[in-house]
Amino acid sequence: MALDQKNAGPTLGRLNAQLDQGLGSFLATIRREKGITRMLILLLLSFAIFALLKPAIFLNPLNLENIAIASPEIGILAVAMMLAMVTGGIDLSIVAIANFAAITITTVYSGIAAGNPAQAAAMMPLILVLGLATAVLAGLFNGFLIGVVGITPILATLGTMQILNGIAVVWTNGQTLYGAPEALTSFATTTVAGIPALFLFFLLIAAAIAVLMNRTPLGLKLQLQGANPLAAKYSGIGSRRVLMGTYLVSGLLGGLAGIVFLARNPTASADYGSSYVLLVIVIAVLGGTNPSGGFATVAGVVMATLTLQIVSSGFNAIRLSSYEYSIAQGLILIAVMVFDQIHFRRRKARKDLPDTNPVLP
């Protein structure tokens with residue numbers, strides 16, 4: 001016992017040091033990345049506005065919980081879109097991939113459960129892996145078309161989206177499938193210390209992608225690929241492997257989003273979330289992702305997801321329609337892009353200023 005107490009001191013000290021270092025690094029990142037600061041201000045501002053307008057409805061614990069539960073499925077798709085945009089591309093098929101994974105899982109699970117429910121429950125992990133595998137294959141197909149064949153990302157992923165949507169409609173006869181795993185529904189209602197498990201799942205995925213982006217060779221390569229493909233080529237970076245890896249991870253995230261679809265709403269259909277494609281593009285750009293590639297922050301995308309979810313919830317609280325919410329999305333996006341352009345031009349103008357202290361011959 002004495003030895004355990006003796007070891008506990010240094011262990012807690014190291015843990016505290018690591019927490020201090022992590023917090024310091026996060027605050028330093030916020031100070032360095034103005035996009036994150038901007039999103040943090042927007043997030044707090046939108047929360048404060050609706051909290052003041054309708055405190056009884058907006059600050060209701062049930063409403064706050066709904067915001068946390070609704071954010072993951074959009075947020076995971078936005079992170080996947082961000083990855084594609086960092087390389088200078090785009091992934092229009094990401095929602096179709098998520099739906100295809102959800103339909104695969106529901107079909108296989110309900111088919112087995114019809115004959116033996118206990119066996120279906122026991123095989124659920126394998127069935128989830130099967131759904132993720134279909135999503136990864138779709139992502140690899142995108143990577144092959146873009147990286148190997150050389151098709152423009154917007155056209156390649158548009159084609160994949162059409163193929164997957166068509167297969168899904170034929171597969172389901174255009175109907176909604178029921179019979180998703182009950183364990184997923186239970187997971188969606190689980191809370192940890194008052195925080196929905198789905199939201200923690202989203203944060204875990206976002207943290208993993210942040211590590212991938214900032215701490216791994218693939219993350220550095222895909223940012224260089226997006227910033228300057230020619231320079232990346234002459235630096236020995238294999239663009240084919242980078243693009244294949246990027247769209248593979250994007251497909252995997254689409255599969256995880258499909259699992260979240262089923263957790264929130266235990267049904268699957270070919271047209272679920274059909275309006276999400278434009279929304280996740282808006283979130284990715286709003287979160288600081290450069291549409292031309294080369295730069296993005298996962299933290300910015302997470303905060304942009306929460307901001308738009310707060311605006312959506314706030315609009316419901318003050319009885320505004322979904323059409324007015326769409327207008328607000330567009331206005332926020334345009335305002336941010338105008339701000340970025342003004343900031344960029346000011347920086348450029350400062351750099352173009354003539355030297356006031358020329359060196360005399």
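This is a working chat about the predicted model shown above.

Student: What is the mean pLDDT of the chain?

Tutor: The mean is 85. Of the residues in the chain, 87% reach 70 or more.

Student: Which elements have the lowest and the highest mean pLDDT?

Tutor: Helix α1, residues 2-32, is the lowest among the elements, with a mean of 55. Helix α7, residues 124-149, is the highest, at 96.

Student: Where does pLDDT stay under 50?

Tutor: That happens over residues 353-361. For this stretch the model has zero contacts beyond four places in sequence. Where pLDDT is low, the predicted coordinates should not be read in detail.

Student: OK, the overall make-up. How many helices and strands?

Tutor: The chain has 16 helices and four strands. It runs to 361 residues, and 45% of them count as buried.

Student: And among contacts between residues at least 6 apart in sequence, what share joins residues at least 24 apart?

Tutor: The share is 76%.

Student: Back to α7. How does it sit against α13?

Tutor: Helix α13 covers residues 239-264, and its axis comes within 7 Å of the axis of α7. The two cross at roughly 150°. An angle over 145 degrees counts as roughly antiparallel, so α7 is roughly antiparallel to α13.

Student: What is the hand of that crossing?

Tutor: It is right-handed.

Student: Which residues meet there?

Tutor: From α7 they include L128, A135, G139, G143 and G147. From α13 they include R240, Y247, G251, G255 and I259. The residues of this contact divide into 15 nonpolar, six polar and one charged.

Student: Now α10 and α15. At what angle do they pack?

Tutor: Helix α10 (residues 197-215) packs on helix α15 (residues 298-317) at about 155°, and the axes are 9 Å apart. The pair is therefore roughly antiparallel.

Student: Which residues make that contact?

Tutor: On the α10 side they are F199, F202, L203, A206, I209, A210 and M213. On the α15 side they are V298, V302, T305 and L306. By type, 10 are nonpolar, one is polar and none is charged.

Student: Some single residues, then. I105: where is it, and is it buried or exposed?

Tutor: I105 lies in helix α5, residues 94-115. Its relative accessibility is 1%, and the cut-off for buried is under 20%, so I105 counts as buried.

Student: What does I105 touch, neighbours within four places aside?

Tutor: The list is I127, L128, G131, P181, I259 and L262.

Student: Next, S46. Which helix is it in, and what does it touch?

Tutor: S46 is in helix α2, residues 34-53. Beyond residues up to four places away in sequence, S46 touches T307, I310 and V311. S46 is buried, with a relative accessible area of 8%.

Student: Last one, P266. Where is that?

Tutor: P266 is in the loop between α13 and β4. Its relative accessible area is 33%, so P266 is partly exposed.

Student: And which contacts does P266 have outside its four-place neighbourhood?

Tutor: P266 is in contact with L177, Y178, G179, A180 and T185. The C-alpha of P266 is also 9.5 Å from that of A102, which is 164 residues away in sequence.

How values were computed
Residues numbered from 1 in each chain as written. Predicted model: local features only at pLDDT ≥ 70, side-chain atom pairs only at ≥ 80, totals over all residues. Heavy atoms only, no water. pLDDT = per-residue confidence, 0-100. Contact = heavy atoms within 4.5 Å. Buried < 20%, exposed > 50% of the residue type's maximum accessible area, 1.4 Å probe, protein only. Axes fitted to C-alpha atoms, helices over the stretch in contact; angles between N-to-C directions. Parallel < 35°, antiparallel > 145°, perpendicular 65-115°, else oblique. Nonpolar A, V, L, I, M, F, W, Y, C, P; charged D, E, K, R; others polar. Left-handed = near helix turned anticlockwise from the far one by under 90°.
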